[in-house]
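Subject: A structure for you to look at

Hi,

Here is the structure I promised to pass on. Have a look at it first, then read my notes below.

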Amino acid sequence: MQARRDLFPHVLEINHQARRRLGCCVYLVYDADEWMLIDLGYEDTWEDTVSLIRQLDFPLSQCRYLVATHADVDHVQALRRAKEMMPQAKVVGHPHAKTLLEQGERIETYAEISAQGISLDMPSVKFDATIDEGDVLELGNLKLEVWHTPGHAPAQLAFRMGNLLFSGDNIYRDGCVGNIDAHHGSDIPGFIESLTRIRDSDVEWLLPSHGPCFAKDNKQLQDTIDRLDRYQHMADFGTCAVDWPLLDEWDEELARGSD
Ligand SMILES: [Zn+2]
């Protein structure tokens, strides 16, 4: 048996526990006899993750939920294998993630990026339930409030537990955000709303889907919001931008007949 390295009371993170980087953050939340996973990572790291979970003395038969923060392949490729090993665990996520994962969709989930030669397996998996804004996941005496925080992806969820927010791909410790990409369903105005909600909340710690956890810093959040606000008006962001002021200026210049 391996000693549990709690990140916070009732919360372990698999990369942190393993002291090496396996992939996306996989949070194990536990109370009383029950436990759950928030994201699972790629299939090829799943065996290592499961063997660690066993060494930490969490019986597989007592896993209550397998949660998809959203449907990206690097977060949920192992979901089907995990469900096969733990059939009693409920697979849950946003309704849009359910649609993508039940279909084994490949573009929106980043399994297929043909221009970069990326082509990964995306095993389809059936959901046991969908969860959305305002729902609560109960685990022992713990309650995790479900926040719908679209922006990076339409299905992006975050989970509040006391002063902690499992914040998904909303923001990382360096102020970067999850990819903004039209083919992924990203939405910059929605992203700004989600970050504003996090900024205005009384959450104290952010537990992101990539990289280490960190204290919520409203100045950093504001800088990030301001950066994304600029993206809305830049051609760099193509169909994710809401307008391009240069073309309005050009309209005026053309109408004025200026040389
Ligand atoms: Zn991600």
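Strands β2 and β3 (residues 34–38) run antiparallel and are joined by five bridges. Bear in mind that this is a predicted model. To see the pairing for yourself, find D31, which stands opposite E34 in β3. The two strands make a hairpin with two residues between them, and A32, in that turn, has a positive phi of about 50 degrees.

β2 also has a partner in β1 (residues 11–13): three bridges join β1 to β2, and these two run antiparallel as well. Here L12 stands opposite L28 in β2. As for cover, β2 (residues 27–31) is mostly tucked away, with four of its five residues buried.

Now go to helix α8, at residues 245–256. How many of its 12 residues are buried? The count is zero, so to speak a helix that is hardly covered. From first C-alpha to last, α8 reaches 17 Å, close to the 16 Å expected at 1.5 Å a residue. G257 follows α8 and has a positive phi, near 75 degrees.

Why does N218 count as exposed? Because N218 has 10 C-beta neighbours inside 10 Å, and the cut-off for exposed is 12 or fewer.

Cheers

Conventions:
Residues numbered from 1 in each chain as written. Predicted model: local features only at pLDDT ≥ 70, side-chain atom pairs only at ≥ 80, totals over all residues. Expected span 1.5 Å × (residues − 1). Buried ≥ 20, exposed ≤ 12 C-beta atoms within 10 Å, placed from the backbone. Pairing = 2+ DSSP bridges.
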